[in-house]
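The sequence and the structure are shown first.

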Amino acid sequence: MTASPHSWRIRAVQFGAVALVAALWEFAPRLGLADPTLLPPFSEVLKQLITLLSEGSVMKDLAITASEVALAFAIVAPLGVGCGLLLAENDYIGRVFKPFFYFLASVPKSVFLPAFILLFGIGFGQKVAFGVFQAIFVLVISTVAAVASVEPELVKLARAYGASRARIYAEIYWPSMLPFIVEGMRLGVIFSITGVVFAEMAVARAGMGARIATWGQTFQMPDLYAGVLLVSLLSITVNEALRAYERKVGKWRG
């Protein structure tokens, strides 16, 4: 399927915006509009990024962060979806516990980090646990919204024709809910990355968050910005992969 002219114009504007930011970043320190010791030119940051990618220790830290995020997401995805289904399907439990999820979703999760450090220490498990905690609320809320998106008339019609509960879930609930659930997972994995990196920056001896914190404390600015770019590229790659799948499963909605 060929892209429409409208989508090509959108892509062109997006590319132009990125190019403009890169150009401003490049020339602001070179023209004296920004302190080059605090904001190195974009080309120097890119050069340092290539250097970091060739360093085994940096790639090891990136692998540690990626493994923490992957495990956190593997835990939170079924847990969040399961809790969301329970809250949406059981009226009594939903009335009791949904307000707690909405309340905690509005609270900055960083305030809970000291408690996670005391409970789980400063090792691998604490980063995973905080990544789960950071993401679970958006997954629960998106799953509740997914259940609400199912047309009740279709469910009534299926029951009238004698469809079993399992078949109703497989043929009505799941196709209707899947785009919303994938969207929640897409947002959830971003929250997991944020939580893991933040926890690493606070207290960790390994991982990209620890690297970025060290570079910032020692004013290694090219390394700092290159590390931020590396984590950003990881987040964008995961986000766009899930967004493509989200568009695929939601295509039938038009």
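## Helix packing in the predicted model

H4 passes H6 in a left-handed crossing. The model is a predicted one. Helix H4 covers residues 91-105 and helix H6 residues 124-148; their axes are 10 Å apart and meet at an angle of about 130°. That angle makes H4 oblique to H6, because angles over 145 degrees would be needed for roughly antiparallel and 65 to 115 for roughly perpendicular. On the H4 side the contact is made by Lys98, Phe101, Tyr102, Leu104 and Ala105, and on the H6 side by Phe137, Val140, Ile141 and Val144. Sorted by class, the contact of H4 with H6 has eight nonpolar residues, one charged residue and no polar ones.

The chain as a whole has 10 helices and zero strands. Its C-alpha trace spans about 70 × 55 × 30 Å along the principal axes.

Helix H9 (residues 208-217) packs with H8 at an angle of about 50°, the two axes being 7 Å apart. H8 and H9 are therefore oblique to each other, and their crossing is right-handed. Val197, Glu200 and Met201 of H8 make this contact with Met208, Gly209, Ala210, Ile212 and Ala213 of H9. By class, the contact of H8 with H9 has six nonpolar, one polar and one charged residues.

H9 also packs with helix H3 (residues 56-89), at an angle of about 125° and with 7 Å between the axes. H3 and H9 are therefore oblique to each other. In H3, the residues Ser57, Val58, Asp61, Leu62 and Thr65 meet Met208, Gly209 and Arg211 of H9. The contact of H3 with H9 has three nonpolar, three polar and two charged residues.

| Helix pair | Angle | Axis distance |
|---|---|---|
| H4 and H6 | about 130° | 10 Å |
| H8 and H9 | about 50° | 7 Å |
| H3 and H9 | about 125° | 7 Å |

How far does helix H8 span between its end C-alpha atoms? H8 (residues 165-202) spans only 47 Å, whereas a straight helix of 38 residues would span 56 Å at 1.5 Å a residue. Where in H8 does a kink lie? A kink of about 50° is found at tryptophan 174, shortly before proline 175.

Definitions and conventions: Residues numbered from 1 in each chain as written. Predicted model: local features only at pLDDT ≥ 70, side-chain atom pairs only at ≥ 80, totals over all residues. Heavy atoms only, no water. Axes fitted to C-alpha atoms, helices over the stretch in contact; angles between N-to-C directions. Helix = DSSP H or I, 4+ residues; strand = E, 2+ residues; numbered from the N terminus. Parallel < 35°, antiparallel > 145°, perpendicular 65-115°, else oblique. Left-handed = near helix turned anticlockwise from the far one by under 90°. Contact = heavy atoms within 4.5 Å. Nonpolar A, V, L, I, M, F, W, Y, C, P; charged D, E, K, R; others polar. Expected span 1.5 Å × (residues − 1). Bend = angle between axes of the 7 residues up to and from the residue.
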